[in-house]
Amino acid sequence: MRIVTCQAPVNIAVIKYWGKRNEDLILPLNDSISASLSIDHMCAKTTIVASPDLKETKFWLNGELQSIDNKRFQNCLIEMKKKANPNLECLKWNLSICSENNFPTAAGLASSAAGFACLVSALAQIYEVKTNISTIARMGSGSACRSVFGGWVRWHKGETSEGSDSIAIQVAPETHWPEMRVLILVVDDQKKTYSSTSGMRTSVETSEFLRYRAEKIVPQRTAEMVDAIKNRNFEKFARLTMQDSNQFHSVCLDTYPPCFYLNDTSRTIIELVHRYNQFKGETVIAYTFDAGPNACLYLLEESVAEVIGMLNYVFPPKPSIISDYFRGIKPPTITLDEKLTSTISNYQQKEGKLKYLIYTKVGDGPRILEVSEHLLTESGVPKS
Ligand code: DP6
């Protein structure tokens, strides 16, 4: 038998993927760029057992047995087996797969990206595949292809119809911009009402703006983003990140019928970030939103203390949840300057608009874990 456990990171795009040119192979209309976030704070974890004694292949996700009759899951499995040495005996064996996320599933927090990247990383260990596995992760969920690497990652849309060149490549490792920090403001941790998959399908069918964005705007913007990251130019990075998030949500509004992912709290965060940047006289925070209301703020370490202070002032947490409110890296505390509080006092909200806050940073790619971390016993049964 063989057993392996992997962890894979969440990634948050700064140039968004939205729209496919091929639904089955998951080939995108445009390139995208993201950062993989620290596995220490948010990740998927997957154990796979391959054994001749297993009667059938089973898959548990967050404690619940899933149907394996799922096209995306099957595509990942089939493609990974194709890449393996055909003489490997374990190719004939059934699998037990157990996967967990340590953050809300499907709440617009890139859980499927981490999940499929982790599944594919663990399968690559079982089947001894050493090539770029991003093309296989891509078949599970488009954005998953960027989570098979750490640091800053670009998904090249590719040109071929069979997708062999639609791959993710690292732009820079996590050590390249060590001061970069990320704050995830969880506005809603429930399952989203309108999935990315169906939202982007409707956008492709109905939004001319999406086509214009993919053809005319993203190519230039992607090149500029790579330049901003390579030169650690925060001002440029932040402007491009916010413009791209806003453009993606404009495409959602141009979709017919429209898909709304932002809510009033998301919009307050957007206004607050612009007001704060104006107060500082330079761009020190960038926001970006995926297919949900939760905000992801990119900022440098030197700005974190004041920004967390400001968030606590504008979005006071409910006292009953304070012990569980700050997750990830322990946040620094400061007393806010009076000039700042008077500038932002208009934005102050009632308690509890944010569910919790994750303070994290850019991190490395998938990891292989030790025996003690296995989620399954050697006979393929979940430990809990
Ligand atoms: C808004 O990768 O979830 O997060 O390929 O259909 O599984 P499928 O979609 P998915 O889309 C993510 C879209 C996004 C932007 C991004 O991550 O680039």
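The sulfur of C43 lies 7.3 Å from the closest cysteine sulfur, that of C118, which is too far for a bond. A disulfide is a covalent bond between the sulfur atoms of two cysteines, and here the cut-off for such a pair is 2.5 Å. C98 is likewise in no disulfide. Across the whole structure, which is a predicted model, the search finds 0 disulfides.

The strands considered next form an open sheet of 4 members in the order β2-β5-β10-β11, with antiparallel pairing. Its edges are β2 (11-15) and β11 (168-172), each of which pairs on one side only. From one strand to the next, the twist averages 35 degrees. Strand β5 (residues 32-36) joins β2 through 4 bridges in the antiparallel sense, and I15 stands opposite I33 in β5.

Helix α5 packs on this sheet and touches β2, β5, β10 (152-155) and β11. The direction of α5 makes about 115 degrees with that of β2.

Helix α5 (208-230) also takes part in covering the buried residues of α4, as do β3 (20-22) and α6 (234-254), among the elements involved. Which residues of helix α4 (residues 196-206) are buried? They are G199, M200, T202, S203 and V204. An α-helix has 3.6 residues a turn, so residues three or four places apart point the same way.

Definitions and conventions
Residues are numbered from 1 along each chain as its sequence is written. This is a predicted model: local features need pLDDT of at least 70, side-chain atom pairs count only at pLDDT 80 or more; totals for chains, interfaces and linings use all residues. Side-chain values use heavy atoms; hydrogens and water are left out. Buried means under 20% relative accessible area, exposed over 50%, partly exposed in between (1.4 Å probe, protein chains only). Helices (H or I, at least four residues) and strands (E, at least two) are DSSP runs, numbered from the N terminus. Contact means heavy atoms within 4.5 Å. Two strands pair if DSSP finds at least two bridges between them. Axes are lines fitted to C-alpha atoms, for helices over the stretch in contact, and angles run from 0 to 180 degrees between N-to-C directions.
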